[in-house]
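Dear colleague,

Here is the structure you asked for. My notes on it follow below.

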Amino acid sequence: MGFSTVIAFSIIVVSFVMVTGLVVSVAVEKIKEINEAYQNERDKLLRDLGTDYELVNVTATGSGPSNHTLEVVITNTGSETLDAYGFTLLVDGKMYNYSANVTRLYPSTGLLITAQDIPGSIGTQHRLKIVSENGISRYASYTVG
Amino acid sequence: MSSESVSHMVFFIAAVVIATSVSAILYTAAYKVSLGIEEQGESFKKLLGTDFEIINDPTQIPYNADQGYYEFYIKNTGTEEIVIDPSVTTVLIDGSIVDFDSSDYSLKTAEVATLYVYAYPLDSGDHKLIVILENGISRSFEFQV
């Protein structure tokens with residue numbers, strides 16, 4: 001009787017230790033991942049705070065009877081390096097593709113982006129919006145020359 | 001003596017069976033708890049890394065009169081991939097759910113999708129668009145037509 005109780009108690013204790021180990025190991029792993037996600041969020045917040053840029057020059061030249069080519073010079077005035085192809089270019093509310101003269105926009109450097117075949121003849125006025133990879137936007141207006 | 005041994009044997013087997021059953025129940029419960037922790041942890045991690053912006057120019061929303069849709073641009077500004085699928089994403093204009101389609105159903109960081117939001121031409125004035133993702137994260141966007 002005493003031996004049976006000891007064996008049963010031992011089985012329960014050993015299994016309890018094993019399942020506690022299972023739960024704790026999974027919990028610890030997830031806590032680590034969540035902590036990592038929090039750190040990524042903190043890094044993202046810092047990147048957002050360090051992101052700043054200006055549209056220093058906007059030039060539009062006619063490229064046909066009803067289209068124009070748009071050139072925008074962007075200067076990175078923040079402390080974060082930006083992806084030159086991470087920007088989104090909107091002209092009069094429509095999104096257009098562009099090409100860039102560099103791939104990375106380092107702090108205190110400039111980037112020239114060129115968008116071609118945008119509707120609008122010489123003399124027409126347009127509104128430009130640029131959005132960076134992390135959602136920070138800048139506006140400008142220009143006239144096609 | 002023999003009957004005592006038999007009864008001890010019976011007690012022993014019964015004790016082992018009961019202890020094993022208790023261990024099995026304990027293990028099953030712990031396994032379910034660990035699965036729950038894993039799922040909740042994963043979901044929380046995704047929630048932390050999910051972020052997006054509606055990047056349209058609020059004064060110029062493109063409208064395709066032939067197809068009857070407005071174009072809204074969604075940019076993934078988070079660290080997790082987001083899903084823009086009509087079956088799991090909800091879009092509201094001025095509080096009413098509207099049909100939409102997307103140029104891309106899955107967006108990686110810094111990618112942009114065009115949302116084709118089917119609606120009759122809206123009355124002139126201010127309106128509000130709300131996009132709600134499958135995990136409940138939403139962004140609202142006030143615009144003018």
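**Chain A and its contacts**

In chain A, 57% of the contacts with a separation of 6 or more are between residues 24 or more positions apart; two residues are in contact if their C-beta atoms, placed from the backbone, lie within 7 Å. This is a predicted model, in which local features need pLDDT of at least 70 and side-chain atom pairs count only at pLDDT 80 or more, while totals for chains, interfaces and linings use all residues. Residues are numbered from 1 along each chain as its sequence is written, and chains are lettered from A and ligands numbered from 1 in the order in which they are written.

Chain A has one helix and ten strands (DSSP runs numbered from the N terminus: helices are H or I, at least four residues; strands are E, at least two). Its C-alpha trace spans about 100 × 30 × 20 Å along the principal axes.

Contact with chain B involves 38 residues of chain A and 35 of chain B. On the chain A side, helix H1 (2-50), strand E4 (88-91), strand E5 (94-96) and strand E9 (125-131) each supply at least two residues. H1(A) gives the largest share, 22 residues.

The largest nonpolar core has 36 residues. Such a core is a set of buried Ala, Val, Leu, Ile, Met, Phe, Trp, Tyr and Cys residues joined through C-beta atoms within 7 Å, where buried means 20 or more other C-beta atoms within 10 Å of the residue's own. E3(B) gives the most to this core, with five residues. B:Val117 is among the residues with the most contacts inside the core.

Regards

Key: A residue is buried if 20 or more other C-beta atoms lie within 10 Å of its own, exposed if 12 or fewer, and partly exposed in between; C-beta atoms are placed from the backbone.
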